[in-house]
Amino acid sequence: MLATKPHANPEPIMPRQPPQLTLLVIQPDDFERDRLVRLLSGDPVRVLAARDGRAGLDLALDGGPDILVADLQPGGLDGPALVERVREMRDGVKVIVTFGPYSPKELVRAVEVGADAFLRLPVDGAKLRETVRRCAREIGAARRLAREDYSLRQLLDFFPGPALLADGQAVVCMNRRLSDFLGFDDRRTMAALDRGIEDCIVRVGGEPYGGHPTDWMEAVVHDPLDRDHILHLRNPRHPDSRPSAFAVIHNAFPGSDLRLFTFQDVSGLEDERARLEDEAATDPLTLALNRRGFRVLLDRAAADGAPFSLVMFDIDHFKSVNDTWGHDAGDAVLRETAALVRENIRETDTLARWGGEEFMVLSRHPDPDRALGMAERLRRAVAGYAFDGVPRTVTASFGVAFAAPGRSPEELVRRVDAALYRAKETGRNRVVVDQM
């Protein structure tokens, strides 16, 4: 192994600015090795030299070269294997391969391991210096980018909330607050595991998320109405907990494709809004959906296209209950009827107070006979119940209608209302099915 001191050179090949670059020359021929060292030496360049591959690896381990100038056949270890070993030791090292006898097979292997340049021996001094200058510029650019990347990460980490930076549609930086929420130390750890923020998104706005990596960006950036966007993110640290809601704001960097996305946790506001919406859609007496809330549900069910049925019922002679035993007794009948119905329908069915003493049940079961059976079961339950404050039998009349393709929700309501009317007209306390 031969280590040399730098020699004076009237034409420095590196910019005179720190940090100093280290070059490692591995060349078995003594004359050529000394010549390469003389060509390369100059402040602020530090040149190390070795006559074979194994000695070169020892120097690489101690000196951590920025640029490796190695022969394809350095001795002790073949050139491509040497390049691979040095790359394992030093991330980002530039490799200049020198070769004498033409060997296509070895040149192909050198290309495969990612050599940055090839120079035939004896090396032309001007070409060598220019190649090293180019490698030095690339190293300098990479270091500047690394410093800028580090500074950007530091800046994002000082940001008070979760944030990420995207170049076009590619996430390039994520601050610690966001990566912590997503259950990772940093974005590099996520990338190594082939994970991204899209894997934690449950909904964008009110719509389920399909999982494509860029769809959420498209929704936020290219919304023609420029609406506020809410992302519901599942916390991998607490997979059984309810997803958190984040308001997402994006800011574009002028003259580039860079965009900064910031996330504000609005889960509390979302809970309060949901509570207010529930209150606005709930009948306060019976705690069933009110007419307005039921209409929204009915429109959604019709838009889904899945089969469903409507059951509409009316408490028979309800006015006489109020007139005879008072409005408190009438309110009790309404409350107890609603509770009784909820006990006798499935969790997927929905009860609503349509108005006065009229109620609706939306049944999502695809079998119409199930809706008919449910209506009959409810009729018997009401007729057999002893209502508080009303010392007589209370009954109800029922109409049933089935959703048909191409029919509007309004038409379905008219049909079920007509079926209920026929039940009233034909003696009450019975179930009548719409015949379409």
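Strand 13 has both of its faces covered, with Ser309, Val311, Phe313 and Ile315 buried on one side and Leu310, Met312 and Asp314 buried on the other, where buried means under 20% relative accessible area with a 1.4 Å probe and protein chains only. Strands here are DSSP runs of E of at least two residues, and helices are runs of H or I of at least four, both numbered from the N terminus. This is a predicted model, in which local features need pLDDT of at least 70 and side-chain atom pairs count only at pLDDT 80 or more, while totals for chains, interfaces and linings use all residues. Residues are numbered from 1 along each chain as its sequence is written, and side-chain values use heavy atoms, with hydrogens and water left out.

Strand 13 (residues 309-315) runs antiparallel to strand 15 (residues 358-363), joined by six bridges, and two strands count as paired if DSSP finds at least two bridges between them. Within this pairing, Met312 has Met360 as its bridge partner, and Phe313 stands opposite Phe359. With strand 16, strand 13 pairs in the antiparallel sense over seven bridges, and there Val311 stands opposite Val400.

These strands belong to an open sheet of five, in the order 14-15-13-16-17, with mixed pairing. Its edges are strand 14 (350-355) and strand 17 (431-433), each of which pairs on one side only.

Helix 12 (residues 327-343) packs on the sheet and touches strand 13, strand 14 and strand 15, its direction making about 150° with that of strand 13; contact means heavy atoms within 4.5 Å, and angles, from 0 to 180 degrees, are taken between N-to-C directions of axes fitted to C-alpha atoms, for helices over the stretch in contact.

Technical notes
Buried means under 20% relative accessible area, exposed over 50%, partly exposed in between (1.4 Å probe, protein chains only).
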